[in-house]
Amino acid sequence: QFKGLGGGGGGNRYDLSNDEHYRVTGTKARIRLARPTVLNAPAALKFSRPSVQHYRDSYRTQSFKSNFKGPVRFHEVNWPEKQKDKEKKGSEEKISNLKKRSDVTMSDTRIMLVERFEEQPPIILNAGMGSRLIHVYRTKPEGTPAPVISPEHRADGKPIGLDPQQDSPFYGELPGGPNDFVTALETNLYRLPMAKHAPATTDFLVIKQGNQYFLREIGSLYVAGQTHPLTKVPAPNSKDHTAFVNRELLAFVYQRLQHGGTLRMSEVVDEFGSSASEGTMRKILKECADFSRDGSDGGGWTLKQRYEMPKEVEDEKHTPETVCLFDSLKAGSKRLKHMGLNRLHLLDGVTNAVQDFQKDRQLESSIKEGARCVQEILAHTPWSISSAFVSASDTRQQLPMSMLTGSSTARKAALRDVG
């Protein structure tokens with residue numbers, strides 16, 4: 001009787017585990033999918049420089065706040081000529097022509113709006129970084145037609161068929177119905193499963209470019225599910241984090257002083273105060289600059305004579321993906337600080353401590369519940385989530401159910417937080 005209630009009997013009304021979506025089908029060896037390679041716009045490098053650190057911070061926190069004062073005058077977009085010119089070019093050529101920051105705009109191109117299901121995604125792309133949309137399905141035996149994909153879907157992305165031996169691009173298995181497919185947004189850092197929706201006829205977008213406003217219709221609307229990271233976000237105070245901050249700090253100081261002039265300590269603090277300690281800043285400044293007390297403003301730093309940028313720093317080119325990962329690290333660290341967790345960043349040691357707390361009968365229930373809450377908060381940081389997903393994908397380990405957005409464990413945690 002217990003066997004009958006267990007696993008996988010076809011049509012068993014007690015089998016609610018959905019195990020069939022996670023089974024490895026067939027006896028042949030599985031073929032792991034390669035990571036996508038998506039082209040970024042040249043302007044993405046300019047958005048990733050240390051000199052636009054303030055831009056990236058405001059992009060994540062403040063730039064979406066409305067500050068309309070008085071009537072807004074919408075400008076007419078004179079873009080038919082641009083559109084004709086763009087239609088003559090291929091996709092790679094279009095992306096390669098986005099060289100300046102002003103070229104990265106939605107004022108004169110077709111718009112696809114993606115609404116993220118997650119309130120705090122572990123990774124968010126910066127401006128100018130590329131992505132592609134695909135419709136993934138399982139190929140059927142020879143003679144079976146491919147799924148019917150509507151022209152509206154094909155206009156946004158191309159269909160891709162996977163053989164039965166190829167791994168699913170997501171943590172779960174792809175549906176196997178005759179016309180089933182899953183839409184996905186692929187980047188160099190993550191995949192997103194998505195579902196297409198029809199935008200309301202009363203919805204529109206207001207594009208602000210400088211002091212001008214443009215009114216645009218929504219070309220396509222998608223709702224994205226849980227992020228599937230393809231790369232690990234570095235943890236705070238790790239070797240990668242420290243090396244990145246030091247290289248970025250040294251590059252910033254050298255760029256500011258290589259053509260002469262002075263640099264005040266307050267300027268460095270404004271630029272890197274949230275990612276480096278004052279001691280680290282002074283150490284980097286002493287490495288490449290001399291301090292002078294001349295002037296009425298308390299003095300400043302000037303570049304040392306015959307100083308040259310270290311070759312290892314000059315050769316280490318920060319890609320937009322690298323900068324994006326460390327921006328995610330910084331955003332996760334800020335959220336922990338806002339919750340009062342200034343010292344704890346990793347789960348190391350916390351899990352064992354929480355288990356010991358649960359066994360201690362003399363501790364109050366509120367302390368035990370608080371310890372569990374801290375454990376869950378640390379488990380859902382960008383570095384913890386990305387590490388768990390990448391490890392589960394590479395080694396085929398089981399992913400903790402609490403990290404799946406739709407799991408019962410995650411729903412209970414969310415309900416408790418709301419309560």
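Author: Start with the surface. The accessible surface of the chain comes to about 26,200 Å², and carbon and sulfur atoms hold 51% of that. These areas come from the Shrake-Rupley method with a 1.4 Å probe, and for residues only the protein chains shown count as cover. The model is predicted: local features need pLDDT of at least 70, side-chain atom pairs count only at pLDDT 80 or more, and totals for chains, interfaces and linings use all residues. Residues are numbered from 1 along each chain as its sequence is written, and side-chain values use heavy atoms, without hydrogens and water.

Now the core. A nonpolar core is a set of buried Ala, Val, Leu, Ile, Met, Phe, Trp, Tyr and Cys residues joined through side-chain atoms within 4.5 Å. The largest one has 47 residues. L189, V253 and V268 have the most contacts (heavy atoms within 4.5 Å) inside it. Elements that each supply at least two residues include β5 (190–197), β8 (220–224) and α8. The largest share, eight residues, comes from α7. Beyond its neighbours within four places in sequence, V253 is in contact with L263, L285 and C288.

Helix α8 spans residues 265–272, and its buried residues are M265, V268, E271 and F272. They sit on the same side of α8, because they cover an arc of only 125° around the axis (taken from the directions from the helix axis to the C-beta atoms).

Notes
Buried means under 20% relative accessible area, exposed over 50%, partly exposed in between (1.4 Å probe, protein chains only). Helices (H or I, at least four residues) and strands (E, at least two) are DSSP runs, numbered from the N terminus.
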